[in-house]
Amino acid sequence: MYVPPQILCGTFHTVFDDKTSQAEVFSSSVEPILPHVLKGQNVSVFAYGPTGAGKTYTMLGMNSDPGIIPRVIQALFKAIDLEKTSPLKDGMSQPPQFQVTFSYMEIYNEKVHDLLVSSHQDLPIREDASHNIFVADLTEKSIDGFKPFMSHFEPAARN
């Protein structure tokens, strides 16, 4: 069956130079979209560029200077804790409930690699009946804080 090509649009946000700090990248490009996550919306952040441009460093960082991924998780759980301890909003009888899951994948040479389970390589990208795009068989982990996240993320970052 022939499937005609699709045109997908996205927003090109920013180019950073090599003097931009990890904190500045996070606060200007990522932190503003975190409130959407708390409303149940999906968000994605991509680092794109040639080999050696700093994509991995920007996303992972180091223990002394965390990258986007650890900063997102810290900020997300801080925001969740704030939501849970804030006064109830109109019409709410109990604090909101949150479930956080994450997957960790890399697309390299047009192949999807599951970094949480190194044996899951070249995973197919699919579309469901509601036109939601997903990666079949991609591992998903439930987490309830930064430490549980790091217990999965640190080993996976070495894959």
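Modeller: Of the 159 residues in the protein chain, 23% are buried; buried denotes a relative accessible area under 20%, exposed one over 50%, and partly exposed the range in between, with a 1.4 Å probe and protein chains only. The model is a predicted one, in which local features need pLDDT of at least 70 and side-chain atom pairs count only at pLDDT 80 or more, while totals for chains, interfaces and linings use all residues. Residues are numbered from 1 along each chain as its sequence is written, and side-chain values use heavy atoms, with hydrogens and water left out.

The protein chain contains 5 helices and 8 strands, where helices are DSSP runs of H or I with at least four residues, strands are runs of E with at least two, and numbering starts at the N terminus. Read from the N terminus, the order of elements is α-α-α-β-β-α-β-β-β-β-β-β-α. Along the principal axes, the C-alpha atoms fill a box of roughly 50 × 45 × 30 Å. Among contacts with a separation of 6 or more, 44% join residues 24 or more positions apart; a contact means heavy atoms within 4.5 Å.

How do helix 1 and helix 4 cross? Their axes come within 10 Å, at an angle of roughly 60 degrees. Axes here are lines fitted to C-alpha atoms, for helices over the stretch in contact, and angles between N-to-C directions run from 0 to 180 degrees. Helix 1 and helix 4 are therefore oblique to each other, because angles under 35 degrees count as roughly parallel, those over 145 as roughly antiparallel, those from 65 to 115 as roughly perpendicular, and the rest as oblique. On the side of helix 1, the contact involves Gln22, Ala23, Val25, Phe26 and Val30, which meet Ile68, Arg71, Val72 and Ala75 in helix 4. By class, this contact has 7 nonpolar, 1 polar and 1 charged residues. Ala, Val, Leu, Ile, Met, Phe, Trp, Tyr, Cys and Pro count as nonpolar, Asp, Glu, Lys and Arg as charged, and the others, Gly among them, as polar.

Helix 4 (residues 68–85) also packs with helix 5 (residues 146–157), at an angle of about 155 degrees and with the axes 10 Å apart. That angle makes helix 4 roughly antiparallel to helix 5. The crossing of helix 4 and helix 5 is likewise right-handed. Here Ile69, Pro70, Ile73, Gln74 and Phe77 of helix 4 meet Phe146, Phe149 and Phe153 of helix 5. The residues of the contact comprise 7 nonpolar, 1 polar and no charged.

The strands deserve a brief word as well. Histidine 113 belongs to strand 5, residues 111–114, and counts as buried at 15% relative accessibility. Leaving aside residues up to four places away in sequence, histidine 113 touches Tyr104, Met105, Glu106, Tyr108, His120, Gln121 and Asp122. Aspartate 122, in the loop between strand 5 and strand 6 (125–127), is partly exposed at 45%. Its phi is near 55 degrees, a positive value in a residue other than glycine. Most residues other than glycine have a negative phi. Asparagine 109, in the loop between strand 4 (105–108) and strand 5, also has a positive phi, of about 50 degrees. Asparagine 109 is exposed, with a relative accessible area of 60%. Isoleucine 107, placed in strand 4, is exposed at 51%.

Terms used: A crossing is left-handed if the near helix is turned anticlockwise from the far one by less than a right angle, and right-handed if clockwise.
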